Amino acid sequence: MREFIGGSDYRSAIRVAERYLVAGDSELMELHREAKVELQAIQEAKRTQIILEKLNGTAADNYEENLKLYRELVSLHPGAEKYQSKVNFYSGKLTEKKQEEEEERRQEKVAEERVKRIRVQFSPWDGSHRNLEQLIKQTMHDPSSYEHVETTYGDRGDHLIVRTVFRGANAFGGIVRNSVKAKVSLDGQILSIIE
């Protein structure tokens, strides 16, 4: 066993010792323990080298992989503050990234809800704004002659500017083309007529 340990062949030393451990010899048990400790140190050093090489090839913004590798280093070297600080750093970065992703998803959901809220104000068939069309018909000389041509809108954040082009009969019975531009709330209520 001493020859194996002296030659750094710890596996052979352990194999030999395990055959005779039942004898209870304290010197043999100590040599067995020493060989196991040395073999474990060699294995940990090799594993550490492999992990460090992986870290060298891992992009700094790959937080998940860096965190996994540094956690493995901490498990191999529990007292190494350098590795623990890297675990803390990448844990923080990963938490920030997840929070940013959650915020992006929340903002996307808010934007989708806003689009739906606006879209329901308009007819899916001809694109006319329902409430503005009603208001126009109420002010026309002959509401039954109303014919929608086109409706466009601009989103101004807290309100919409909606422009409707239409045809209808004037007081003399002639069909004329006209347009109305209105300030409209996000819920579709007409706030004011602009022109």
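Q: Is the crossing of α2 and α3 left-handed or right-handed?
A: Left-handed, that's how α2 passes α3. Keep in mind that this is a predicted model.

Q: What angle do their axes cross at, then?
A: Roughly 150°, and the axes come within 9 Å. Here α2 covers residues 10-20 and α3 covers residues 26-56.

Q: Which residues meet there?
A: On the α2 side they include Tyr-10, Ile-14 and Ala-17. On the α3 side, Leu-28, Ala-35, Leu-39 and Ile-42 are among them.

Q: And how many are nonpolar, polar or charged?
A: The contact of α2 with α3 has nine nonpolar, two polar and four charged residues.

Q: OK, switching to strands. How do β1 and β2 run?
A: Antiparallel, with eight bridges joining β1 (residues 147-155) to β2 (residues 159-169). Thr-152, for instance, stands opposite Arg-163 in β2.

Q: What's going on at Gly-157?
A: Gly-157 takes a positive phi near 95° in the hairpin of β1 and β2, which has three residues between the strands.

Q: How many residues are in the largest nonpolar core?
A: It has 13, and Leu-132, Ile-136, Leu-160, Val-162 and Phe-166 have the most contacts inside it. Helix α6 and strands β2 and β3 each supply at least two residues of this core.

Q: What does Leu-132 touch, leaving aside its neighbours within four places in sequence?
A: Leu-132 is in contact with Val-162, Thr-164, Val-180, Ala-182, Ile-190 and Ile-193.

Q: Which residues does the second core include?
A: That separate core has twelve residues, including Leu-55, Leu-69, Tyr-70 and Val-74.

Conventions:
Residues numbered from 1 in each chain as written. Predicted model: local features only at pLDDT ≥ 70, side-chain atom pairs only at ≥ 80, totals over all residues. Heavy atoms only, no water. Axes fitted to C-alpha atoms, helices over the stretch in contact; angles between N-to-C directions. Helix = DSSP H or I, 4+ residues; strand = E, 2+ residues; numbered from the N terminus. Left-handed = near helix turned anticlockwise from the far one by under 90°. Contact = heavy atoms within 4.5 Å. Nonpolar A, V, L, I, M, F, W, Y, C, P; charged D, E, K, R; others polar. Pairing = 2+ DSSP bridges. Core = buried A, V, L, I, M, F, W, Y, C linked by side-chain atoms within 4.5 Å. Buried < 20%, exposed > 50% of the residue type's maximum accessible area, 1.4 Å probe, protein only.
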